[in-house]
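Welcome! Please take a look at the model below, and then let us walk through some of its features together.

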Amino acid sequence: MTKESEDLEREKESLRERTMLRVYYAAKEGFCTQLLALLGEIKDDEERRAIVNQEFFEDEHQIFTPLIVATLNGHLEVVHILLELAEPDMEKEGCVKVHGELTDGATALWVAAAVGRLNIVKMLLQHGAEVDHCTKKGSTPLRAACFEGRLDIVQYLIEHNANVCTVNMFNNTCVMIASYKNYSDVLDHLLEKGAQVNEQAQCGASALYYAAECGHVEVCKMLLDHGALLMRNAFGLTPALAAAERTREAVVELFLQRPGLLTKEERIEVMELLGASYANDKDNYNLMKAFHYLLAAMELRYEDPDNIIRKPTFEPIAAYEYWLECQTLQDLHAIRYNHNSLHMESLTIRERILGNQCPEVAQAIVYRGAICADNGRFDRCESLWLHALRLRQQNGLQVQRDLLRFMKLFSQEFLLNETLRFDSVIAVLGACIDELRYNQQKMTNPGPRDDVETIADNYEMNIVTVLYLITIITKLLQREQFVRTDEQVLQVYQMVYQLNMMMVRLRDDQTLLHLAVNGVTPVDEFVTEEVCRFPCVETVKLLIKCGAPVDVVDGDRNTPLHTLTSTLQTTVLRMTDSNVKSVVKEITEIFIEAGIHLDAVNADGLKASQVCVQSCVAAFIKSYETRAINLRCLAARAIAQHRIPYRKLIPRHLEAFVQLHCTRKS
């Protein structure tokens, strides 16, 4: 091919790309006249079709075609022009953010239904769009319309043979959506057209379950009238129990008053759970209602003297003060005005009925613990929160917020000079380690429903949280009056050593040691900030004592000393100049004693003294450099300076040592 022909081909391709962009933006902005002119200039039908089927990438990972973007923006005339003049592929899939959620595999029809464009829905179907084309997660246009409660679109799609029984990848149905969202008119139409009422999602929840836990009384009535059953979900909860757990009193009463719906034992269980939940619900706390339903349940147990339904007995739980449930009406009346006893009775009942594998059981425990902390009962709070933490961890639930909650609690206790129980601190440290290990496993081998980015976010939060805890531990160990045994201190050292061996790192490869000296390490709340300030000398000492390597580097090959000196500007805002110099001097001497190489360079070829933002601090670090120099460092620097090949020519451990003295480019 000659140069002239190559230039001609490049010019043609450039012209085609400009035409595609102009067509796309005309469709996006609704410029009908411009779009007509552009399509009119393209004489070849196949070329015109190819241009309007082209994918365009927008912010937030969205992917559009001209037809999809025109539909999203409601440009009816543009859609009409595209359909009549360009014959676009109506089954072409995009990736579209609708109401804050990114949906992959969305067609123009799905988008039209999801954003409520009835006229465009009609136009697309009249031109042959597939009515049940589903997204990557199995959502159809009908499902999208149900989610928005658009009865008019739902009716039109069903008139054009949309499948009312379709399910998504989680086996959720349109009936479930309408029930959950409380769209009774949509639900009524779906049921009239033959939709199934007793389908169960993968989690075991039915439409009735979703409606009950949300408190939608009229929807529950409608579903029951159409034959809905009280089926249990994966955790063994029926819709009646779900309503009771959420304190949906009106729904519970509907179930209780429905003849033949619940057995006597089920009625007792539902009333007990409703009463127990009222006693420990953050939003609907009501001890009068709690006692009312607990009493009604107990009376029902003793309704027939010849067939008393006694409560099952379980091992008492330490977090609930080893509480034993009331077994008689007299027992229950005896605690009527003792609030703490009612609270413990209710927590015990909730765990008995819900079971320790139910994710909902821990919420009330956390709430009760918070109330104890507000009243200065920190020991009770620790006990309750540790119990909730163990329940969540044993069920594989995320606990990053539970762990952070403990940091605020321990900080508050420390500042108030309250007695912290070292066993509780050690238990939380162990939970942090377990959670970090779980995060690492999940990031390495994610499951089909795991979001790796979310796991990584939780992992980073947990790394910072465990740094807070280590810092709090160093503060406690400095207090002579803090009660601890040698065995407990040794246990802490062993656990911190485990953390160092796990090499936990942020996305930028900062280790715990980097974070401990970083002046911009985030501190979550004002209570924690009073205790956890960085750089922290004692935290550095403990990490190094327990095996943290001092020459470890982050993603930009900064050693902890680089991080310390480069973030002093933020540190100065929280400390006086003399304190800054003292802290930097002490940490630098700790690093030198641990074997750090002061002449190590980062990715930009700069030593820690060269990235220092304070000249006086840089000067004394340079003085250490002169005194700490050795022959190995000089040899490594000579290799780096003269760019002498060394990879695979010297032992591997020496390669890493030389690299420490080289820029990334060497």
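Which residues does UniProt list for "repeat: ANK"? The unreviewed UniProt entry gives residues 104-136, 137-169 and 203-228; UniProt positions follow the numbering used here, feature names are shortened, and annotations may be inferred rather than shown by experiment.

Before going further, a word on how to read the model. It is a predicted one, in which local features need pLDDT of at least 70 and side-chain atom pairs count only at pLDDT 80 or more, while totals for chains, interfaces and linings use all residues. Residues are numbered from 1 along each chain as its sequence is written, and side-chain values use heavy atoms, with hydrogens and water left out.

In residues 104-136, the end C-alpha atoms lie 6 Å apart, and the span is 48% helix and 9% strand. For residues 203-228 the end C-alpha atoms are 17 Å apart, with 65% helix and 0% strand. Helices (H or I, at least four residues) and strands (E, at least two) are DSSP runs, numbered from the N terminus.

The domain assignment of the protein chain gives domain 1 (14-163), domain 2 (279-397) and domain 3 (419-549); such bounds come from an automatic or database domain assignment. The C-alpha centres of domain 1 and domain 2 lie 54 Å apart.

Two packed helices are described by the angle between their axes and the distance between the axes. Axes are lines fitted to C-alpha atoms, for helices over the stretch in contact, and angles run from 0 to 180 degrees between N-to-C directions.

| Helix pair | Axes come within | Crossing angle |
|---|---|---|
| Helix 13 (residues 217-225) and helix 15 (residues 249-257) | 9 Å | roughly 25 degrees |
| Helix 22 (residues 400-415) and helix 23 (residues 422-444) | 11 Å | roughly 155 degrees |
| Helix 25 (residues 486-502) and helix 28 (residues 537-545) | 8 Å | roughly 80 degrees |

Angles under 35 degrees count as roughly parallel, over 145 as roughly antiparallel, 65 to 115 as roughly perpendicular and the rest as oblique. Helix 13 is therefore roughly parallel to helix 15. The contact (heavy atoms within 4.5 Å) is made by Val-217, Cys-220, Lys-221 and Leu-224 of helix 13 with Ala-250, Val-251, Leu-254 and Phe-255 of helix 15.

Helix 22 is roughly antiparallel to helix 23. Here Leu-403, Phe-406, Met-407 and Phe-410 of helix 22 meet residues of helix 23 including Val-425, Val-428 and Glu-435.

Helix 25 and helix 28 are roughly perpendicular to each other. Tyr-493, Val-496 and Asn-500 in helix 25 touch Leu-542, Leu-543 and Lys-545 in helix 28.

**Two backbone details**

Most residues other than glycine have a negative phi, and most peptide bonds are trans. Where is Glu-321 found? Glu-321 sits in the loop between helix 17 (287-301) and helix 18 (329-334), and has a positive phi of about 60 degrees although it is not a glycine. A cis peptide bond, with omega about 5 degrees, joins Phe-534 and Pro-535. Pro-535 belongs to the loop between helix 27 (526-531) and helix 28.
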